[in-house]
Amino acid sequence: MEVVRTHIADVVRERGHDRPARIVSLGSGPAREIEAYLGSHAASGNRAEFSLIDQEEVALHYAHEKTYPYVLNSDGRLKVQGYNMSFTDILRGTEGLVGLPPQDLAYSVGLLDYLTDHRCKALVKRLYDLLTPGGQLIIGNMNQCSLSNYWPMEYISDWTLHYRNDA
């Protein structure tokens with residue numbers, strides 16, 4: 001969360017002067033990194049538009065509830081918009097990303113853990129194609145290493161993820 005929050009701060013600082021910095025989070029969940037960014041940088045004077053995409057309405061409601069006070073007090077500099085969309089529709093290309101303007105930062109942390117390599121490549125390409133020239137793409141995934149949580153996730157919780165390594 002802190003790594004993504006730092007990238008958000010950098011992008012907004014670099015791009016949020018003449019127009020709002022545009023940032024999309026796919027599989028945003030409660031968007032705690034945006035809440036943390038707004039809590040520490042809301043008065044910076046830069047402009048930003050955050051698009052949060054998730055299929056869980058409760059997560060989007062939480063994100064709205066936590067970010068709304070910052071948006072309300074920003075004099076129009078900040079915007080946070082939640083989009084309740086099915087990831088299946090996004091993967092099929094029938095909904096979601098097509099309506100967004102070019103983004104300065106696109107990220108997904110945790111969603112690709114659930115997807116096969118083929119679907120990951122397709123989704124990463126769609127996110128990459130959404131970027132402005134010089135935009136950044138951040139993809140997070142559970143790492144396959146000795147310190148991973150593979151054993152408790154698979155054998156205690158019966159929660160299957162696709163672990164990946166650097167290769």
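Let us begin with the packing of helix 2 against helix 3. In this predicted model, the two helices pack at an angle of about 10°, with their axes 10 Å apart. An angle under 35 degrees counts as roughly parallel, and so helix 2 is roughly parallel to helix 3. On the helix 2 side, the residues involved are Arg 32, Ile 34, Glu 35, Leu 38 and Gly 39, and they meet Tyr 62, Lys 66, Thr 67 and Tyr 70 of helix 3. Sorted by class, this contact comprises 4 nonpolar, 2 polar and 3 charged residues.

Helix 2 also packs against helix 1. Here the axes come within 9 Å and cross at roughly 55°, which means that helix 1 is oblique to helix 2. The crossing of helix 1 and helix 2 is right-handed. Helix 1 contributes Val 4, Arg 5, Ile 8, Ala 9 and Val 12, which meet Glu 33, Ile 34, Ala 36, Tyr 37, Ser 40 and His 41 of helix 2. By class, this contact contains 7 nonpolar, 2 polar and 2 charged residues.

Which residues of helix 2 are buried? They are Glu 33, Ile 34, Glu 35, Tyr 37 and Leu 38. Their cover includes helix 1, strand 1, strand 2, helix 3, strand 3 and strand 4.

In soluble globular proteins, nonpolar side chains tend to be buried together. The largest nonpolar core has 21 residues, and the members that touch the most others are Ile 8, Ile 23, Ile 34, Phe 50, Leu 52 and Tyr 107. At least two residues of this core come from each of helix 1 (2-15), strand 1 (21-26), helix 2 (32-41), strand 2 (48-54), helix 3 (57-72), strand 3 (78-84) and strand 4 (103-109). Helix 1 supplies the largest share, 5 residues. There is also a second, separate core of 13 residues, with Ile 53, Met 85, Ile 90 and Leu 131 among them.

Apart from neighbours within four places in sequence, Leu 52 is in contact with Ser 25, Ser 28, Ala 31, Ile 34, Leu 60, Ala 63, Val 80, Gln 81, Gly 82 and Tyr 83.

Beyond four places in sequence, Ser 28 touches Leu 52, Ile 53, Asp 54 and Leu 60. Ala 31 is buried too, because its relative accessible area is 1%. The phi of Ala 31 is near 55°, a positive value in a residue other than glycine.

Most residues other than glycine have a negative phi. Asp 75, in the loop between helix 3 and strand 3, likewise has a positive phi, near 55°. Is Asp 75 buried or exposed? Its relative accessibility is 75%, so Asp 75 counts as exposed.

Finally, I return to helix 1, where Val 4 is found. With a relative accessible area of 8%, Val 4 is buried. Leaving aside neighbours within four places in sequence, Val 4 is in contact with Glu 33, Tyr 107 and Val 109. Val 4 and Ser 108 are 104 residues apart along the chain, and their C-alpha atoms are separated by 9.7 Å.

How values were computed. Residues numbered from 1 in each chain as written. Predicted model: local features only at pLDDT ≥ 70, side-chain atom pairs only at ≥ 80, totals over all residues. Heavy atoms only, no water. Core = buried A, V, L, I, M, F, W, Y, C linked by side-chain atoms within 4.5 Å. Buried < 20%, exposed > 50% of the residue type's maximum accessible area, 1.4 Å probe, protein only. Helix = DSSP H or I, 4+ residues; strand = E, 2+ residues; numbered from the N terminus. Contact = heavy atoms within 4.5 Å. Axes fitted to C-alpha atoms, helices over the stretch in contact; angles between N-to-C directions. Parallel < 35°, antiparallel > 145°, perpendicular 65-115°, else oblique. Nonpolar A, V, L, I, M, F, W, Y, C, P; charged D, E, K, R; others polar. Left-handed = near helix turned anticlockwise from the far one by under 90°.
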